[in-house]
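The structure is shown first.

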Amino acid sequence: DGATGTSRSQPRFIAQGSKQRRGGSKLVVVESPAKCATIEKILGPDFVVLACMGHVRALPSKPGSVRPEDNFAMEFEMAKGAPSVMQKIRAAARSARAIYLATDPDREGEAIAWHVLQLLHADADVPAEVTPQRISFNEITRPAVEAALKSAGTIDMPLVKAQQARQAVDYLVGFTLSPVLWRKLPGCRSAGRVQSVALRILVERENEIFLFQRREYWSLSLAFGAANDPTVASAIDSSIANLPDSAP
């Protein structure tokens, strides 16, 4: 993972998916355009499937994108090329009689679904009588897609918050440490949240090993039990450290 970007690359955004149909189709939003044709074939002519091409909003690499003093508020902006993609999705949403957010079934996919929904609501593109629903499937087969539609639900906000927390840590760690690396180690691109913390753990552990002092200790084992009932017994293990050299 990079220091400030998302864990998915920001590809060139090309509006892809099926042609918008008239008469109030059911809109399905997926991430990859490669899925559109297959899913539409499974669902039939009542559905229109469009691809959002991954993240539609991103956390910009500039001061103030994450504000720890304001309960870690985050400022997002449209990803490069996303406006043209969202234009098609918005147009389809305005006339849709149902909206399904079918982004990938993982933390990033949940966040993408949330961002798409936020953008749709921002411009009042969702009809008043329509409640967008979240669906997910692990394979593009008729049973899996149909089962997902039957179990449609809402966006998992704890999962969205987890993704945003990952973004915030990426930003806060990378935005602070990356300039140091650029000055001290020319050629380094960025400092990541995982590498930076892992390096500190290794350094602290090495310091503990370096400062360790060997000390003699003894382990004593004592057994207690009734004279007439040897099964009633307990054991006590104790270690005595720092014994003086003259101890017997």
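## Basis

The model is predicted: local features require pLDDT of at least 70, side-chain atom pairs count only at pLDDT 80 or more, and totals for chains, interfaces and linings use all residues. Residues are numbered from 1 along each chain as its sequence is written, and side-chain values use heavy atoms, with hydrogens and water left out.

## Chain overview

The chain contains 6 helices and 10 strands (DSSP runs, H or I of at least four residues for helices and E of at least two for strands, numbered from the N terminus). Of its 248 residues, 38% are buried (under 20% relative accessible area, 1.4 Å probe, protein chains only).

## Packing of α3 and α5

Helix α3 spans residues 107-122, and helix α5 spans residues 157-184. Their axes (lines fitted to C-alpha atoms over the stretch in contact) lie 8 Å apart at an angle of about 105 degrees. The two helices are therefore roughly perpendicular (65 to 115 degrees). Residues in contact (heavy atoms within 4.5 Å) include Ala 111 and Trp 114 of α3 and Leu 159 and Val 160 of α5.

## Glu 108

Glu 108 belongs to α3 and takes part in the contact with α5. Its relative accessibility is 5%, so Glu 108 counts as buried. The side chains of Glu 108 and Arg 166 form a polar contact of 3.0 Å (a pair of N or O atoms within 3.5 Å, one able to donate a hydrogen and the other to accept it; residues adjacent in sequence count only if both atoms are side-chain atoms).

Notes. Buried means under 20% relative accessible area, exposed over 50%, partly exposed in between (1.4 Å probe, protein chains only). Axes are lines fitted to C-alpha atoms, for helices over the stretch in contact, and angles run from 0 to 180 degrees between N-to-C directions. Angles under 35 degrees count as roughly parallel, over 145 as roughly antiparallel, 65 to 115 as roughly perpendicular and the rest as oblique.
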